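Subject: Structure for your files

Hello,

Here is the structure I said I would pass on. My notes follow below it.

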Amino acid sequence: MNKRTLKNICRDKNMYTTPELNDVLYLHYKGFEKIENLDEYHGVKVLYLEGNGFNKIQGLDELKELKTLYLQENLIKKIENLHNNTLLDTLNLDHNYITKIENLNHLNSLHTLTLKKNRLKDVTNLVELAKLSQLSVLNIQDNNIDDMKVIEILSEMPNLKVLYLKGNPFIKTMTVNYRKTVISKCKNLTYLDDRPVFDDERRCINAWASGGLEAEKMEIIKKKKEKDKKRIKDHEKFRKFIEENQQKHNISDNDEDNEEVSESDDEE
């Protein structure tokens, strides 16, 4: 990953050969083994480094404008050396060998973190998630997390809206209550795993969390009554609309008839 190679890639990818002019840099699937010689690319905001052979995050100190970093499909074992990248919004570390979420709590702009198919297992290695106050999208599916206490950590994330958890062993122990438990604990969640969290579902789950299955059934009945009432109200509103338009149409027809009679009288 020397300077000449970087400039050649920039030329081949129709990027600027003058390093500081680039705000996007495509360096994915090049077989690089070390992140280096990027100091001159200090204006880069989006950096594609996936599909290489990196075993360490490094060499990004001068990329202080960096907002999106793609590092999936590498050999990375530790999250580190991002202390200067304080504007980072999106970090993709899917398909690596990471065992702990760490060294991220200074990233106050981080909204999206994906760690699909890593080696996360011990819940104690996930506690820093609770400190990522701005994080709204988290993907930790297909790891080895085997303790449902992870849900308690996730519940402390105030802005978490999109969450991917499936593929972790602890889910099998929770059977049918997995989705209900996660949604009831994560108050602002709008999407879990494979489908959205709609308001009606959350209402029923909140009832279940406070009063069990009986409370959930009562909420379902209440919700049905509300829908029936709304349907009747909408139907009545539509009926009145039709009647009013018919009346207007009849008045209009009468006016036209009167005009025709008047014209006929004038002719006579």
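**Cysteines**

Cys 204 is buried, with a relative accessibility of 7%. Please keep in mind that this is a predicted model. The closest cysteine sulfur to that of Cys 204 belongs to Cys 186, and at 18 Å it is too far away for a bond. Cys 186 is also buried, at 4% relative accessibility. Seen from Cys 186, the closest cysteine sulfur is the one in Cys 204, again 18 Å away and too far for a bond. A disulfide requires the two sulfur atoms to lie within 2.5 Å, and the count of disulfides here is zero.

**Sheet**

Nine strands make up an open sheet of mixed pairing, and their order is E1-E2-E3-E4-E5-E6-E7-E8-E9. At its edges are strand E1 (24–26) and strand E9 (195–196), each of which pairs on one side only. E1 runs parallel to strand E2 (residues 46–48), and three bridges join the two. Within this pairing, Leu 25 has Leu 47 in E2 as its bridge partner.

**Aromatic pairs**

There are four aromatic pairs in the model. One of them is formed by Tyr 26 and Tyr 48: the ring centres are 4.8 Å apart and the planes are at 20 degrees, so this pair is stacked. Planes under 30 degrees apart count as stacked. Tyr 26 sits in strand E1 and Tyr 48 in strand E2, so the pair links distant parts of the chain, 22 residues apart. Tyr 26 is partly exposed, at 31% relative accessibility.

Another of the pairs is Tyr 164 with Tyr 191. Their ring centres are 6.1 Å apart and their planes are at 45 degrees, so the pair is tilted. Tyr 164 belongs to strand E7 (residues 162–164) and Tyr 191 to strand E8 (residues 191–192), so the contact ties together parts 27 residues apart in sequence.

**Helix H3**

Helix H3 (residues 178–185) is largely enclosed by the rest of the structure, because seven of its eight residues are buried. The buried residues are Tyr 178, Arg 179, Lys 180, Thr 181, Val 182, Ile 183 and Ser 184. Buried here means a relative accessible area under 20%, and the list includes Arg 179 and Lys 180.

**Backbone**

Glu 73 is not a glycine, yet it has a positive phi of about 60 degrees. Glu 73 is partly exposed, with a relative accessible area of 36%.

Asn 81, which is not a glycine either, likewise has a positive phi of about 60 degrees.

Regards

Key: Residues numbered from 1 in each chain as written. Predicted model: local features only at pLDDT ≥ 70, side-chain atom pairs only at ≥ 80, totals over all residues. Heavy atoms only, no water. Buried < 20%, exposed > 50% of the residue type's maximum accessible area, 1.4 Å probe, protein only. Helix = DSSP H or I, 4+ residues; strand = E, 2+ residues; numbered from the N terminus. Pairing = 2+ DSSP bridges. Phe/Tyr/Trp six-rings, centres within 6.5 Å; stacked < 30°, edge-to-face > 60°.
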